[in-house]
Amino acid sequence: MLDFFIKCKNWIQLLFFLILNSDVFALIRSISLKRALISQSPLKNIFVPGLNCYSCPSAIGSCPIGSLQFWFNDTVQRINFSEKIDLAGFYIIGFLTLTGGICGRLFCGWVCPFGFTQDILNKFTRKNLPIPKIIKSFRYISLFFFVIILPLFIFDITMLSPWFCKLLCPEGTLKAGIPLLLIDENLRQAASVITIIKFFVLAVFLISFFISRRSFCKTLCPLGTIWGFFNRISLLRLKVDKHTCTNCMLCEKKCPMNIKVTEDINSSECIRCAECIKVCPSQSISFQTIFNSEILNV
Amino acid sequence: MKEKINKQPRKLFYIIIIITLFLSCTKDAQLQSTNFELHDYTNKDIQDFYKGINKLIILNFWATYCSPCKIEMIDFSKLYNEYQDKVLFIGASIDSATNMDLIKKICNKLGVNYPIVYGVESYFNNTEITTLPKTFIIKNNKIIEEIDGKRDYNFYKNTINKYITDSVTKKLLLGDNKYFIIENNITKKDNNNYLLNILLQPKQGYYLNGEGYPPIEINIKEQEGIIINPRKLSVPAVAENQSFAWEIDVTNRKQSSNFRIEAFIKIIACSQNQCHIINEEFIIEF
């Protein structure tokens with residue numbers, strides 16, 4: 001059964017991409033009114049397990065990273081003015097802990113729309129150059145500095161912003177920034193230095209997708225970084241059977257994240273895409289739960 | 001499985017700690033807190049607030065969670081100080097009414113000095129407010145401009161100057177006149193009252209009238225429904241490289257807002273060797 005899912009993985013990713021951006025009515029309304037309109041359906045109250053910008057016209061659900069930063073901003077402002085804090089942020093933290101605790105970075109491999117975008121673009125070149133460790137460690141700066149520290153420690157209330165979304169996130173630029181700028185002429189007049197920075201970041205990543213698979217997931221994604229912490233302790237994990245493994249290294253060649261599969265399969269970088277499982281000739285790799293039983297075995 | 005602790009993440013960790021300590025030392029800008037009026041408009045139409053106020057209205061929608069809005073509000077307070085007699089700023093917060101305390105404290109911190117309404121719905125003039133900040137420029141109860149997103153101080157200063165004076169400058173040349181230029185500049189004082197400036201300037205190499213000649217005369221034709229004061233303009237002479245200007249008050253009592261006035265000019269334009277008599281009619285469109 002797992003075989004079937006692995007074969008259809010791209011279709012499953014496409015399905016999630018469409019579901020997570022299914023408020024087509026909002027998109028059509030936005031285009032017909034020539035105004036930047038974002039879906040305001042009640043579904044926006046739900047967090048989606050992937051990087052899917054809130055501001056994309058047809059997006060349903062909220063990006064947990066964007067919501068987290070906004071909650072940090074709100075909390076700082078309220079503390080500044082001795083107001084009661086909104087407890088909504090604990091829902092976000094709870095959501096991330098629950099999803100990560102169950103399956104670690106599985107959502108990166110199967111659900112995240114931006115992951116899907118990267119996978120599809122890389123199919124044109126099928127190149128996957130490994131990225132130096134120092135550049136890969138930038139994802140910790142992305143998470144700790146841009147998502148947590150900046151939104152929490154900037155005390156000037158006019159500077160409180162979701163800094164990752166504002167300066168870096170290429171997913172937001174691609175799926176929200178570009179469509180909204182195309183639709184709304186008024187918005188184009190508000191373009192500034194930040195717009196240039198964001199387009200530059202997007203351009204760099206778009207080029208990198210053709211050279212190194214999942215380069216954004218490797219180097220910048222704060223959501224993947226959070227889930228990565230859970231990879232070693234999550235309910236669902238991967239296992240390599242050392243007895244049947246022939247050390248052919250096909251898994252490492254195929255791995256989009258360039259992980260040393262045979263040595264460290266539950267590394268914080270693993271997105272649990274199951275490509276190693278697909279390619280292993282001796283079927284030595286499998287999904288497991290912490291209770292050490294094999295699940296979804298073919 | 002024991003994790004290898006690499007040196008690089010550790011270094012990164014220390015760098016992050018240092019930056020955090022640095023940021024926590026940043027001082028919040030201390031701004032003057034001034035009095036502003038806070039109005040509850042939860043269930044009322046926001047237009048009730050500015051109906052009947054004969055100024056340029058700048059209606060700005062903002063929210064406590066929108067940082068660019070707060071930067072703009074500091075600029076608005078500065079502009080309100082400068083243009084208080086001509087412009088009214090209104091800040092409409094789309095936060096829920098339960099956030100009234102937070103709104104008050106934020107406005108105090110930012111030094112807001114213009115009226116704030118809160119608890120309004122994110123709806124205005126039958127359009128949803130979907131982007132913040134959103135600003136409407138309103139004159140005579142009509143929306144003349146809609147601005148999405150943050151703009152800077154200079155942008156709003158130019159916008160205000162554009163709309164508080166209606167100025168039209170028209171250069172009028174009498175045929176292929178090579179002797180002088182007549183320019184007019186119309187400033188609208190209010191709905192029916194205008195200030196017309198007429199500027200007369202000889203071209204290079206010429207001077208107008210002077211010793212031995214009668215004065216230059218401009219006679220504006222009388223018209224029913226249009227009050228022109230003065231109707232007869234004159235000046236003894238205008239030397240080369242100089243100019244002369246007249247100010248005329250024009251009041252339109254007619255039904256239509258478009259009208260024109262006709263004027264006759266009698267000038268003697270002289271160069272070094274020759275003099276020319278020019279009697280011409282010209283028309284000024286309003």
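Colleague: What makes strand 10 and strand 11 of chain B a hairpin, and how many residues join them?

Modeller: In this predicted model, strand 10 of chain B passes into strand 11 of chain B through 4 residues, which form the link of the hairpin.

Colleague: Why are strand 11 and strand 17 of chain B called paired?

Modeller: Pairing requires at least two bridges, and 8 bridges join strand 11 of chain B to strand 17 (residues 244-252) in the antiparallel sense, so the term applies. There, B:Asn193 stands opposite B:Thr251 of strand 17.

Colleague: Why is the meeting of B:Lys105 and A:Glu83 called a salt bridge?

Modeller: The rule asks for a side-chain nitrogen of Lys or Arg within 4 Å of a carboxyl oxygen of Asp or Glu; the N to O distance between B:Lys105 and A:Glu83 is 2.9 Å, and therefore the pair qualifies. Across the interface of chain A and chain B the rule finds 2 salt bridges.

Colleague: What area is buried between the two chains, and which residues of chain A lose the most?

Modeller: About 3,100 Å² is buried between chain A and chain B, with carbon and sulfur atoms giving 58%. On the side of chain A, the residues that lose the most area to chain B are A:Arg35, A:Phe81 and A:Thr158, together 18% of what that side buries.

Technical notes
Residues are numbered from 1 along each chain as its sequence is written. Chains are lettered from A and ligands numbered from 1 in the order in which they are written. This is a predicted model: local features need pLDDT of at least 70, side-chain atom pairs count only at pLDDT 80 or more; totals for chains, interfaces and linings use all residues. Side-chain values use heavy atoms; hydrogens and water are left out. Buried area is the accessible area (1.4 Å probe) that two parts lose on being put together, summed over both. Helices (H or I, at least four residues) and strands (E, at least two) are DSSP runs, numbered from the N terminus.
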